[in-house]
Amino acid sequence: MYISRGSAMEGDCLSCMKYLMFIFNFFIFLGGSFLLGVGIWVLLDPTGFREIVAANPLLFTGVYVILAMGGMLFLLGFLGCCGAIRENKCLLLFFFMLILFIFLAELAAAILAFLFREHLTREYFSRELKRHYQGHNNTDVFTSTWNAIMTTFDCCGVSGPEDFEESLFRLLSPSKMVPEACCQRNSYLGAGSVEQCVSGSVAFRHNKGCYSAMVNYFETYIYTAGALAIVVLTIELFAMVFAMCLFRGIQ
């Protein structure tokens with residue numbers, strides 16, 4: 001009688017875990033579907049929104065990041081739901097291995113960021129900007145990325161406009177002191193403001209460096225990002241534990 005009651009409790013616990021895992025992964029599946037839908041809509045939208053995104057390299061890259069995240073969450077949710085509700089060991093094992101791979105990839109990224117933290121200094125970015133930035137060349141990824149950063153954060157150079165002195169940009173455009181991406185875009189400044197800006201007028205350009213602007217921007221969200229990272233890692237760990245418990249409980 002005791003063995004029978006114990007088996008019944010074990011069966012109830014396994015059933016509860018199965019449905020909890022199904023619900024948990026169903027929300028992951030919905031989130032992945034939503035991100036995939038948004039990414040595909042932006043790429044295929046006939047109303048011209050794609051051209052707006054394509055003009056900004058950061059937004060254009062962000063669309064593909066959303067697609068990749070959506071696809072990954074869609075696959076995870078599908079495997080978790082099907083594996084849990086059908087009690088399929090193969091799907092649960094695949095789900096566990098995929099979660100473990102993502103967890104290890106995040107851990108490796110954190111370790112690499114720590115090991116190469118000296119490459120994130122102001123001096124490093126200034127040196128790279130002087131060597132590789134070309135100005136208005138949209139076919140060059142480095143140049144396009146910096147143009148997008150300066151336009152997005154209303155800044156100029158890494159430490160300021162002086163970063164373009166003795167740079168590749170000045171060699172390619174000797175008549176310009178700063179690139180157009182450094183210029184203020186307010187309509188009330190007039191049509192000639194860009195010409196005055198690139199010729200060296202302080203009043204028509206952004207004088208703040210992008211390094212400080214980005215640090216100040218991300219400091220605002222660093223606690224939110226840290227909390228979100230902890231939540232994501234906790235969810236991944238619980239998902240792996242649920243999957244393995246369910247895997248071992250299935251006969």
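Predicted model: local features only at pLDDT ≥ 70, side-chain atom pairs only at ≥ 80, totals over all residues.
Local features need pLDDT of at least 70 and side-chain atom pairs count only at pLDDT 80 or more, while totals for chains, interfaces and linings use all residues. Residues are numbered from 1 along each chain as its sequence is written, and side-chain values use heavy atoms, leaving out hydrogens and water.

Start with the largest nonpolar core. A nonpolar core is a set of buried Ala, Val, Leu, Ile, Met, Phe, Trp, Tyr and Cys residues joined through side-chain atoms within 4.5 Å. Buried means under 20% relative accessible area (1.4 Å probe, protein chains only). This core has 20 residues. Tyr133, Trp146, Met150 and Phe164 have the most contacts inside it. Helices H6 (141-152), H8 (193-198) and H9 (210-249) each give two or more residues to this core. Helices are DSSP runs (H or I, at least four residues), numbered from the N terminus. H6 gives the largest share, three residues.

Now look at Met150. Leaving aside residues up to four places away in sequence, Met150 touches Tyr133, Phe164, Pro179 and Cys210, among others. Contact here means heavy atoms within 4.5 Å. Another core, of 15 residues, lies apart from the largest one and includes Met21, Leu79, Leu92 and Met240.

Next, find helix H5 (residues 122-132). Which residues of H5 and H6 make the contact? From H5 come Glu128, Leu129 and His132, and from H6 come Phe142, Thr143 and Trp146.

How values were computed: Buried < 20%, exposed > 50% of the residue type's maximum accessible area, 1.4 Å probe, protein only.
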